[in-house]
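Reader: I would like a close look at a single part of this protein, followed by an account of what surrounds it. Please go step by step.

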Amino acid sequence: MNKKMLSTLMALMLALVMVMGGLLAAMAETTATVEPTAETTAEPEPTVYDANKVYVTINDVSITVGDITKIYNELLYNYSSYGYDVSTESTQQQIFSMAISYAVQNELVRQHAAELGVAITDEDKAEAQTSFDTAIANYEASLLSGNENPTDEDKAKAHEETLAVAESEGFTLEYLIDNTLLNKAYEAMVKDVTVTDEELAVTDEDVKAHYDEIVASEKESYANDFANYEMMSKLAPYYGQSAPIYVPAGVRGVKHILLAVSDELKTAYQDAQASLEEALDETVAVEGTEATTEPSNEGVKTIEAIEAEIVASVQATVDEIMAKFNAGTSFDELVKEYNTDPGMSTEPQLSQGYYLHLDAQWYDKAFQKAAFEQLEKIGDISAPVVGQSGVHILYYAMDIPEGAPELTAEAMETYKAEMVAEKQENLLYDKQNTAMSEQLTAWEAASTITYAE
């Protein structure tokens with residue numbers, strides 16, 4: 001679990017203000033009152049399960065079981081929202097123990113907010129009012145979502161039910177204002193915490209060691225698993241991550257020229273291909289008998305006829321490309337002149353081509369097959385190949401070396417900037433946690449805290 005999620009201090013500083021409309025609904029669904037046991041927490045446990053029962057007093061200010069349960073429900077919702085299993089009793093006990101700590105910390109912060117120069121302004125109150133009204137309106141809307149033409153009576157009933165849920169959960173304007181005060185106070189506690197340039201220093205040796213660790217880790221993951229390498233290469237950009245730098249053995253760089261064909265021909269080919277694959281699935285014999293994987297002659301002829309028609313539609317362009325290539329025009333120049341695939345204008349395809357491997361799974365089957373059946377050596381060019389996107393002319397550009405590239409000066413600066421940013425985030429986070437922990441510990445030591453018997 002991420003330490004940022006686990007921290008009882010930073011999580012409280014930034015995560016307790018949950019004022020979106022969905023919260024109210026979620027709280028209504030996850031509400032529960034769980035009492036701690038002697039096994040999971042050192043604090044005395046209440047003997048009466050009463051929301052109004054005082055659980056602990058801090059400098060004569062009382063915190064009730066209901067106050068703690070409210071925080072517990074917020075934490076329960078947060079953890080479940082992140083996909084954690086909060087259904088077990090032991091997990092609930094741990095979360096309840098966290099809620100107790102939060103409740104005590106919150107009250108200490110309230111009592112010292114003025115010392116931090118924190119106060120609620122009229123603007124804070126207005127923002128809290130807007131948040132409250134929005135939450136109420138969203139919850140009311142959810143109650144009426146299945147009613148296309150709600151009557152005034154329906155709306156009044158939804159409003160009444162919403163206010164009842166809000167009241168039962170303690171979701172009030174005062175609650176939101178209090179959370180605003182807490183967040184401002186926690187921010188004030190760490191506003192002067194900084195990280196120095198000396199603490200952020202990253203040397204070239206640090207970068208090289210970091211790079212070597214990445215390469216070693218990726219080698220272990222991808223050396224014998226191209227499918228995993230390919231998947232991570234394709235998905236990394238969607239998750240804001242860097243693509244793998246270690247390349248498994250057996251990868252070749254294949255460039256191509258994609259020639260567009262009419263939508264009518266493309267659709268005819270795609271439909272025929274889908275029908276053929278469906279027919280293949282249907283001819284597979286039941287378990288225990290010999291499997292038949294040969295397609296019908298009629299299906300093959302249909303595909304071949306459509307492919308021939310597609311190639312014929314671009315034959316003049318194909319002949320022109322082949323003539324120029326045979327006359328010495330580089331394939332890269334031909335790509336610039338004839339290609340319609342935007343992917344060939346970006347790296348690494350632009351300089352190296354697409355990374356093809358016998359175990360590749362993300363490419364058009366016709367493209368993948370031709371890359372290895374028609375291209376034997378670097379510099380080979382294929383005959384026209386019909387695929388899902390049009391007609392391809394493939395070119396064997398290079399063999400991609402196994403392993404990771406040398407760490408260039410430019411790459412080193414990029415890694416160094418990333419390492420500094422990560423170091424700054426982690427150091428600032430740790431120092432803020434330390435500052436808050438020390439301040440809370442000092443306040444607690446100077447306070448009179450009494451738990452109910």
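Reader: Does Lys 266 count as buried, partly exposed or exposed, and why?

Author: The model is a predicted one. In it, Lys 266 has a relative accessible area of 24%. Buried means under 20% and exposed means over 50%; the value for Lys 266 falls in between, so this residue is partly exposed.

Next comes its place in the chain. Lys 266 belongs to helix α11, which covers residues 263-283. If neighbours within four places in sequence are set aside, Lys 266 is in contact with Val 261, Gln 388 and Ser 389. Another residue to look at is Gly 390: 124 residues separate it from Lys 266 in sequence, yet the two C-alpha atoms are 6.7 Å apart.

In one of the bridges, Arg 252 is partnered by Asp 399 of β6. The sheet is open and has 4 strands in the order β4-β3-β6-β5, paired antiparallel. Its edges are β4 (354-356) and β5 (385-387); each has a single partner strand, so one side of each is left without a neighbour in the sheet. From one strand to the next, the twist averages 50°.

Helix α6 is another part where burial can be followed. It covers residues 122-143, and its 22 residues reach 32 Å from first C-alpha to last, close to the 32 Å expected at 1.5 Å a residue. Its buried residues include Asp 124, Ala 128, Phe 132 and Tyr 139. Viewed down the axis of α6, the buried residues fall within an arc of 135°, so they line one face of the helix.

Of its 453 residues, 39% count as buried. The protein exposes about 25200 Å², with carbon and sulfur atoms supplying 51% of that area.

Terms used. Residues numbered from 1 in each chain as written. Predicted model: local features only at pLDDT ≥ 70, side-chain atom pairs only at ≥ 80, totals over all residues. Heavy atoms only, no water. Pairing = 2+ DSSP bridges. Helix = DSSP H or I, 4+ residues; strand = E, 2+ residues; numbered from the N terminus. Axes fitted to C-alpha atoms, helices over the stretch in contact; angles between N-to-C directions. Expected span 1.5 Å × (residues − 1). Buried < 20%, exposed > 50% of the residue type's maximum accessible area, 1.4 Å probe, protein only. Arc of directions from axis to C-beta. Areas by Shrake-Rupley, 256 points an atom, 1.4 Å probe, with all protein chains shown as cover. Contact = heavy atoms within 4.5 Å.
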